[in-house]
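Here are my notes on this model, point by point. Please read them with the structure open.

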Amino acid sequence: MQAPVPSHDGSGRPDGAAVVELRGVSVIYGRQMALREVSAAFPPGAVGLLGPNGAGKSTMLKALLGFVVPSQGEMRVLGLDVATSALDIRARLGYMPESDAHIPGMSAVAFVAYCGQLAGLPPADAMQRAHEVLYYVGLGEARYRNVETYSTGMKQRIKLAQALVHDPDLLFLDEPTNGMDPKGRDEMLELIRDLAHNKGVNLIVSSHLLPDIEFTCDHVIVMDKGAVATQGALDAVRGPQGRVFELRVKDGAERMLELLTAAGYEVHDSQEDVMRVFVPGEAGAEPIFRLAAANGLQVRHLKQSVPTLEDAFARAVGAE
Amino acid sequence: MPIHDQGYQRYVGDRARTGAAWQVIARAGIRTVLAERRFLALLLLAWAPFLVRAVQVYVAANYSQASFLQPKGETFREFLETQAVFVFFITIYVGAGLIASDRRANALQLYLAKPLSRWEYVAGKMAVLLTLLVSVTFLPAMMLLVVQIGFAGSFTFIANNIYLLPAITLYSLLQVLLASSTMLALSSLSKSSRFVGVMYAGLIFFTGALFQAVRGITGQSWLAWLSPTDALEQLGDAIFRLPLRYDLPLWAAVGVVVGLIVASGVVLERRVRAVEVVS
């Protein structure tokens with residue numbers, strides 16, 4: 001993975017200082033507590049905000065944008081306090097919302113240029129940037145079409161374009177690959193990765209898709225039920241050194257699962273009789289074979305794989 | 001190496017200070033509306049009464065037999081009363097979709113993620129409607145004054161009726177402010193501009209009909225407070241120094257107009273948000 005290009009946000013923050021900080025932030029919608037005393041620090045570069053639907057990822061982004069006011073806690077973005085400097089922060093932020101969103105009745109290039117002007121760019125510069133950014137996101141040929149005629153994938157791209165047009169120091173991308181076909185999804189992820197690693201844009205990618213975060217981000221914050229489950233560099237969050245094995249046994253998956261759990265192994269994700277067993281240290285597959293043999297179970301499939309973020313995620317949120 | 005890198009470039013140009021984005025919204029809104037032929041036709045139609053009045057002023061100034069057509073202060077009051085019809089149609093045509101369309105397309109979160117406050121957004125949208133309404137009320141009324149001076153060849157009329165300058169300004173302002181704020185508030189309540197148009201028309205006609213019905217039964221014209229349009233007319237009579245048409249006290253007429261504007265502000269404060277929380 002390429003090293004991130006230093007960002008040029010001009011905030012005067014020390015190098016490596018967190019671009020976003022939350023301290024004890026709680027957000028309540030009616031009787032529903034969407035965020036529970038969340039404390040987190042987003043380092044520069046690409047940070048993934050990972051969690052199942054309803055974990056509080058979008059609420060966190062909306063609180064950072066000043067759309068919802070927390071009932072308690074403090075938030076700082078690019079060194080500025082969200083409570084007192086929301087407009088200054090938004091001048092340096094780009095936001096790609098999760099839901100379909102556009103300004104009605106405009107062509108793509110007019111829409112993106114309009115967003116640039118709203119963010120403070122002079123009209124001529126906004127129009128020039130709109131053309132450039134639309135080419136960058138892959139909509140160059142369709143830039144004179146009305147946005148309302150766009151496909152779902154194109155709408156995702158134009159949401160990225162409007163977030164980028166004013167050259168933000170920090171991008172919030174909320175479920176950026178929602179509804180995209182596999183090819184479009186790969187292209188979107190390449191764009192996000194390029195922005196973070198080659199263009200010096202700090203970004204926060206909120207997603208429930210583990211591969212998206214693994215592909216684009218260097219750090220991850222895992223959320224569950226409105227709280228931070230775990231956070232850190234991707235490699236560190238993946239967990240302790242060891243090996244993960246995909247295991248399938250003949251006619252005894254449940255029994256094997258019980259045996260492994262009783263023996264103190266972490267076992268996740270039992271789907272279609274295939275389970276993922278984490279074996280710490282350098283022990284390898286031998287203990288698994290021994291356990292199966294001692295209990296008269298026949299191993300049909302055993303394949304080593306690297307511990308993934310999925311394993312870490314499951315560990316963090318306590319899922320089986 | 002490519003001659004020109006078509007990839008993403010950092011921006012190094014100037015940026016406007018925050019607080020000016022409402023002008024961007026207003027300019028874009030006005031440009032969009034003026035690009036529509038149907039609206040241009042409506043605008044031309046709205047200037048037809050001006051032409052009729054201009055001919056009246058010309059004839060009165062040049063033919064002594066037509067001196068009975070000589071404009072008076074009342075002429076300008078009647079002119080603005082005629083324009084109320086066009087205020088109604090332009091308010092519906094332009095205003096109904098101003099916020100409703102943005103709500104339908106989830107555009108509010110895009111606007112409010114930019115460096116502009118909710119009030120700047122509302123100011124930009126209101127500026128669209130105010131500008132177009134002023135162009136069919138205050139502007140033609142003032143031009144009629146200029147035409148009168150031009151055709152008469154003297155400042156005698158304006159010197160004798162100097163109150164007309166503040167009267168036209170104040171009445172036009174109240175007229176367009178009341179229509180704009182009410183329409184924007186209604187537009188923020190729905191995602192359908194058609195429904196908003198129907199709501200606005202319903203509000204105007206229903207309150208007017210209610211007042212006339214109650215007045216017909218009771219014979220009391222002080223009940224004009226039931227209809228914002230009639231309360232505004234009462235204020236218009238006072239502003240143009242004409243006999244009041246209803247028994248409604250002036251403070252009550254002011255209360256109805258100001259109350260509706262304030263209520264619209266409260267609705268907008270509650271409805272114009274990037275996040276809609278359904279509890």
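1. Start with strands 1 and 4 of chain A. Strand 1 covers residues 20-29 and strand 4 covers residues 72-77. The two pair in the antiparallel sense, over five bridges. One residue pair to find on screen: A:Ser26 has A:Gln72, in strand 4 of chain A, as its bridge partner. Bear in mind throughout that this is a predicted model.

2. Now widen the view to the sheet in chain A. It is open, with four strands in the order 2-1-4-5. The pairing is antiparallel. Which strands are at the edges? They are strand 2 (32-42) and strand 5 (80-81) of chain A, and each pairs on one side only.

3. A helix lies over this part of chain A. Helix 1 of chain A, residues 57-65, lies across strand 1, strand 2 and strand 4 of chain A. Against strand 2 of chain A, helix 1 runs at about 70 degrees.

4. Chain A as a whole. The chain holds eleven helices and 14 strands. It is divided into domain 1 (20-235) and domain 2 (242-317). The C-alpha centres of these two domains of chain A lie 37 Å apart. Of the 320 residues of chain A, 44% count as buried. Among contacts in chain A with a separation of 6 or more, 68% come from residues 24 or more positions apart.

5. The contact between the chains. Chain B gives 32 residues and chain A gives 36 residues. On the chain B side, the elements that give two or more residues are helix 1 (21-34) and helix 5 (108-112). By type, that side of chain B has 17 nonpolar, eleven polar and four charged residues.

6. How far apart are its end C-alpha atoms?

7. Is helix 11 of chain B mostly covered or mostly open? Mostly covered: nine of its twelve residues are buried. Among them are B:Pro228, B:Asp230, B:Leu232, B:Glu233 and B:Leu235.

8. Last, look just past helix 11 of chain B. There, B:Arg241 takes a positive phi of about 60 degrees.

Key
Residues numbered from 1 in each chain as written. Chains lettered and ligands numbered in written order. Predicted model: local features only at pLDDT ≥ 70, side-chain atom pairs only at ≥ 80, totals over all residues. Buried ≥ 20, exposed ≤ 12 C-beta atoms within 10 Å, placed from the backbone. Pairing = 2+ DSSP bridges. Contact = placed C-beta atoms within 7 Å. Axes fitted to C-alpha atoms, helices over the stretch in contact; angles between N-to-C directions. Nonpolar A, V, L, I, M, F, W, Y, C, P; charged D, E, K, R; others polar. Domains from an automatic or database assignment.
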